[in-house]
Amino acid sequence: MIEGIINEWLADCAELSTLELATFANTLSQDDEIVQALYLLLEERSKYSQLVETVCNQLFNFYRSRETQLQRFSLQFLPTLIYIYLNSVAHGDIKNCRTVETLLVGVYNLELVDKNGEPKAVSFRLPSLAMMSIYHEPSSLAPASLTESAVRRFEECNTKLVSWGPLKHIETLNAQNRLKVMTALLFVFNQQLGFFKKSALEQLCKVASKLVTQGFMKPGHHQRTSYGSESSFVPRLLPRIPVSSQFLLEFLHAIYFSMYNNCWYVASQAVEDVHNRACYETYPEVMLATNAIRNSSSSGPTSAQSADGSIGISVTSSNTTATILKSMITNASFRTKKLPDDIPIQQEHQQQQPNEKSNKMEKSAKTE
């Protein structure tokens, strides 16, 4: 059934003309059946090796067509293709993965230049109080100590840009550039996150979990060494897939977006898996990001989606004064009390002494 659906889709793609690309792209973006069929094809690629090669060629043709909808259609399969390639490398089976490797290299090289053929670089600046934004104007800051000129002196980061690119052209993937290329491809994928459907985001989280947990022992999972020995159980693990801190951070960017877009449970599991792998690899940047995500989402899925459907954690604001708990200690809790002018310390001391003597005499009389 999968083979029939994909062959029919490939036949429709072969008959397309240049003028029909835009119409076909809009229709294809709404076709969930072909998307699910392609995911199943990639998962069972060993059965359809020739068909996978044809599909990869078609996805690359879509991407180099420069049609935005067709490029997004190809990009949604990028995390799955990255996992397929890295998994094949870990198994030492690169020969059977040449088509996927060619597709990844082609997409990477196309992203190196813009439409005019110039090296492409994406740059942005971190927001600061010194620069104007949609949230504030530096001239309206108060008090006078936070004027625009004063803030500019303290905010030194407002002149520094965070840039991505330009990157180097590559011809083949090797051990030196493999993870750098995969990280760059995930960066390209993350630029289109808002246009992907739920199925693509769920697949992304599943791929991330498989990629970081492969090769690690899970509690309760054991396999026999041979069928002849009934009592010998040893784990038989798949080879681990090497990762880098930047590679995991790009995955976390997409996972965090998926968590607040109807993929809470699968994304939360992916965050836990990435966190465990980061702890194993001792990547402080990744551990900082995963701990931040875990702490911000500790209240559960109810806080993941606000009532109006916006992305982020819902915060209820009110003009009423917040209620203060009775057990809370503030400055108002300490009240002054006027002491008497003369404190009869000596008188109380003298009154206590006769009482103590009388008590001792009564005790001695009772004993006699």
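How many cavities of 30 Å³ or more does the count come to? In this predicted model, the count comes to one cavity. The space inside the largest cavity is about 40 Å³.

Leu-59, Tyr-63, Ser-74, Leu-75, Leu-78, Leu-81, Leu-103 and Val-107 line the largest cavity. Four helices each supply at least two residues of this lining: α4, which runs over 49-64, α5 over 68-75, α6 over 78-90 and α7 over 98-110. Sorted by class, the lining of the largest cavity has seven nonpolar residues and one polar residue, and no charged residues.

Gly-106 belongs to helix α7. With a relative accessibility of 12%, Gly-106 counts as buried, because buried means under 20%. In sequence Gly-106 and Tyr-63 are 43 residues apart, while in space their C-alpha atoms are 9.1 Å apart. Tyr-63 is itself one of the residues lining the largest cavity. Arg-98 is also in helix α7. Its relative accessibility is 45%, so Arg-98 counts as partly exposed. Arg-98 and Tyr-85 are 13 residues apart in sequence, and the distance from C-alpha to C-alpha is 8.7 Å.

The next topic is the aromatic rings. The whole structure contains 11 aromatic pairs. One of them joins Phe-62 and Phe-73: the ring centres are 6.1 Å apart and the planes stand at 75°, so this pair is edge-to-face. Because Phe-62 lies in helix α4 and Phe-73 in helix α5, the pair ties together parts that are 11 residues apart in sequence. Phe-62 and Phe-73 are both buried. Phe-73 also pairs with Phe-77, again edge-to-face, with 5.5 Å from centre to centre and 75° between the planes. Phe-77 is buried, as is Phe-73. These rings belong to one aromatic cluster, formed by Trp-9, Phe-24, Tyr-39, Phe-62, Phe-73 and Phe-77.

Rings also take part in contacts with charged side chains. Where does the charged end of Arg-72 sit? It sits over the ring of Phe-195, at 3.4 Å from the ring centre. In a second case, Arg-240 lies over the face of Phe-216, and here the distance from the ring centre is 4.0 Å.

The cysteines come next. How many disulfides does the structure hold? The structure holds zero disulfides. For Cys-205, the closest cysteine sulfur is that of Cys-263, and the two sulfurs are 5.8 Å apart, which is too far for a bond because a disulfide needs sulfur atoms within 2.5 Å. Cys-205 has a relative accessibility of 0% and so counts as buried. Cys-13 has a relative accessibility of 8% and also counts as buried.

Asn-262 has a positive phi of about 65°, although it is not a glycine. Asn-262 sits in the loop that runs between α11, at 245-259, and α12, at 264-281. Is Asn-262 buried or exposed? With a relative accessible area of 58%, Asn-262 is exposed, since exposed means over 50%. Thr-282 is not a glycine either, and its phi is positive at about 55°. The loop that holds Thr-282 lies between α12 and α13, the latter at 284-296. Thr-282 has a relative accessible area of 55% and is therefore exposed.

Along the chain His-275 and Val-212 are 63 residues apart, and their C-alpha atoms are separated by 9.4 Å.

Definitions and conventions: Residues numbered from 1 in each chain as written. Predicted model: local features only at pLDDT ≥ 70, side-chain atom pairs only at ≥ 80, totals over all residues. Heavy atoms only, no water. 1 Å grid on protein atoms, 1.4 Å probe; cavity = no way out; pocket = protein on both sides within 12 Å on 5 of 7 lines; lining within 4 Å. Points joined across faces, edges and corners; volume = space filled by probe spheres on them. Nonpolar A, V, L, I, M, F, W, Y, C, P; charged D, E, K, R; others polar. Phe/Tyr/Trp six-rings, centres within 6.5 Å; stacked < 30°, edge-to-face > 60°. Buried < 20%, exposed > 50% of the residue type's maximum accessible area, 1.4 Å probe, protein only. Lys NZ or Arg CZ within 6 Å of the ring centre and 35° of its normal.
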